[in-house]
Each structure stands twice: as structure tokens, then as C-alpha cells.
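Look at the structure first, then read on.

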Amino acid sequence: LIQLYMPLNFLGVVYREIRQSLTDIERMFTLLNTHREVVDAPDAVDLPHGDIEVCFDRVEFAYDAKRPILFGVDFVIPAGKTVAVVGKSGSGKSTLARLLYRFYDVTGGAIRINRRDLREFRQSSLRAAIGIVPQDTVLFNESIFYNIHYGRPEATHEEVLAAAHAAQLTEFAALLPDGLATVVGERGLKLSGGEKQRVAIARALLKDPSLLIFDEATSALDSKTEKAIQASLDLATRGRTTLIIAHRLSTIMNADQILVMDAGRIIERGTHLELIRLSGRYAQMWAMQQHDAGENGFSSSGNA
Ligand code: ATP
């Protein structure tokens, strides 16, 4: 029996590894809808652990040389602070996140982490330091617990529960047949966009990254879900360098700086109050969202 068991056990391990790497690849590609194009420099070093300051220094970028997407994008996210980006659909917001995660390299200017060019660091160490909460989280056909634990597989049971709690999932899970052990995903319980995003926030909280990228879902949320996401986001961003790609302006009222993008350029920047006082594009978007929210009781997307 032992002879039979050993190879089967071995196959099980191999299968799990293959499945893990396949789902990882699938997840990575689906999340940012892109592919791996960049390679480490031969003398690349690991990004040291600890606080992260991000600087976009006159960044230019084109997916295709014939069609530039970003033009001289300049901003800093000081360590522990939150910068939010808003703007029309297609203005280049998600591209900033893709460049920061280094799915692509800039075509001009530079992105610096703690004053060193991003390209000097090994991608593996860079990505280990970044937590992403994507617009549309891919969940495995496993329990909610597993889906959170995935953020840091060596985390203890208690740490997973704490992350679920911080992401406002405890109350939600209490109503499910098996609580956090309830299987979700395509073949399990289907979660709403807002619920999935809370699982992603819990996953990111568990990973405890130095840099958090939050890509807000565009879909309208009811006010209860929105409050739950906001509360967990506030916790996740506290004292952590954060880039928020926002569609609902209510999400980012407390951001340290808001950037308004238009066709690949930053056209306004400041705090919520400063931008309202400026009476420019942001103030216009704000007025429009207030109007829509009043009309249908939902927060609407800023993509108008
Ligand atoms: P949204 O609010 O709709 O998510 P966005 O502001 O995040 O939009 P990006 O996704 O950054 O916009 O896209 C900026 C521009 O780059 C768009 O014109 C888009 O068509 C183009 N683009 C995005 N991804 C690719 C890609 N992989 N290849 C070629 N062009 C792309």
C-alpha cells in the first residue's frame, strides 16, 4: 500500500503545484488584463523591506509606439500617504498602476521607489511589496477563508480571521451556510462585486504590503456595501503608501492628494477641498455625482 500511496501522494503534490501556478498566471493576467513584457536587469537587486515613497518623474508611455498614452506624468506619493487618480474612461488611470507593478516599462521619464529607478529592482521583490485590490477580483472555487489566506499562505488561522473582520466580512459570512468556509467562485456561491472586492481587501490586508493599489470597481454599489468597502479601505490604507484609482469621488474625499487625468495628462491636482474651490473639472465631476446620487440613491461612476 505504501508503494502505491507514495507515487499518488507525489502526483498530488505536483498537481497542486501545477494548478497553483496555472491559477496564479490566470489570476495575474486577468487582473490587469495584460502580459509580462519586462525582464530584470542582470544586476537587479531586491527592493529592501520597509516604507515606500513613489515618484512618477515625467513619465511617458505608449502600449503601441504609434499611440502615446501618457504625457509627462509627474507626481509623488510620500511614504504612508494616499494619492487618488480620477478622470474619464481611457484617460490612463489604470496604466499608472500597470507601470507601477511593472507589467510594462515607461517609454520616457522614470518611476522611482525611494529615489531609485524601479528598473533597478527585481520584479519579484517589487511585486512582493505591492498589494493590489483589482476592479474585478478572480476568486478560486474554494472557501472564502482560502481565498483570503491566499494573500499570505503562511498566515495563521487567527490572522486570516482578523483580516476578514477588518474587511467587514464577518457579519456577511455569519449569514452564509458555512460561514467563511462557504465555497465561492464560478462553481460556488456567486458573490456580488462589492463582496468580492471585500475579499480582495482582506487578502491585501493579510499580505500587509508596503504599497497598496486599489482599483475601484466601476459598478454602482448600494450605500451599505459602499460604506463597508469604505471602512475596510480606510483601515487598509492607514499609514500605508496607497494609489487609488477611483470612480466614485466619495471614496477619495480624504486622500492626501487627488490627481485629475485627462487624455494622459494630469490637468488638476490637490485635496478634495482645494479642487472644489478651483471650480474646474473635479468640481464639475463632483457636482455631477452629487446630482446622480440624489436621483437614484446610488453612487454613480465618475466615468461620464
Ligand atoms: P477606465 O476608467 O475605463 O478603467 P483608464 O483611465 O484606467 O480607463 P487605461 O486603462 O489606463 O484607462 O487606458 C488608457 C488608454 O490606453 C486607453 O485608450 C486604452 O484603450 C489604452 N490601452 C489600455 N490597455 C491597453 C493595451 N493593453 N494595449 C493597447 N492599448 C491599451
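Which elements each supply at least two residues of the shell around the ligand? Strand 1 (54–64) and helix 2 (93–100) do. Helices (H or I, at least four residues) and strands (E, at least two) are DSSP runs, numbered from the N terminus.

## Basis of the model

This is a predicted model, in which local features need pLDDT of at least 70, side-chain atom pairs count only at pLDDT 80 or more, and totals for chains, interfaces and linings use all residues. Residues are numbered from 1 along each chain as its sequence is written.

## Around the ligand

The ligand is surrounded by 13 residues. Tyr63, Ser89, Lys93, Ser94 and Thr95 are the closest. A residue counts as near if its C-beta atom, placed from the backbone, lies within 6 Å of the molecule.

Helix 2 gives the largest share of this shell, three residues. By type, the shell holds nine polar, two charged and two nonpolar residues. Ala, Val, Leu, Ile, Met, Phe, Trp, Tyr, Cys and Pro count as nonpolar, Asp, Glu, Lys and Arg as charged, and the others, Gly among them, as polar.

## The fold

The protein has ten helices and ten strands. Of the contacts with a separation of 6 or more, 73% join residues 24 or more positions apart. A contact means C-beta atoms, placed from the backbone, within 7 Å.

## Confidence

The mean pLDDT (the predictor's confidence in each residue, from 0 to 100) is 85. 84% of the residues reach 70 or more. The model scores ipTM 0.97 and pTM 0.84.

How values were computed. Contact = placed C-beta atoms within 7 Å.
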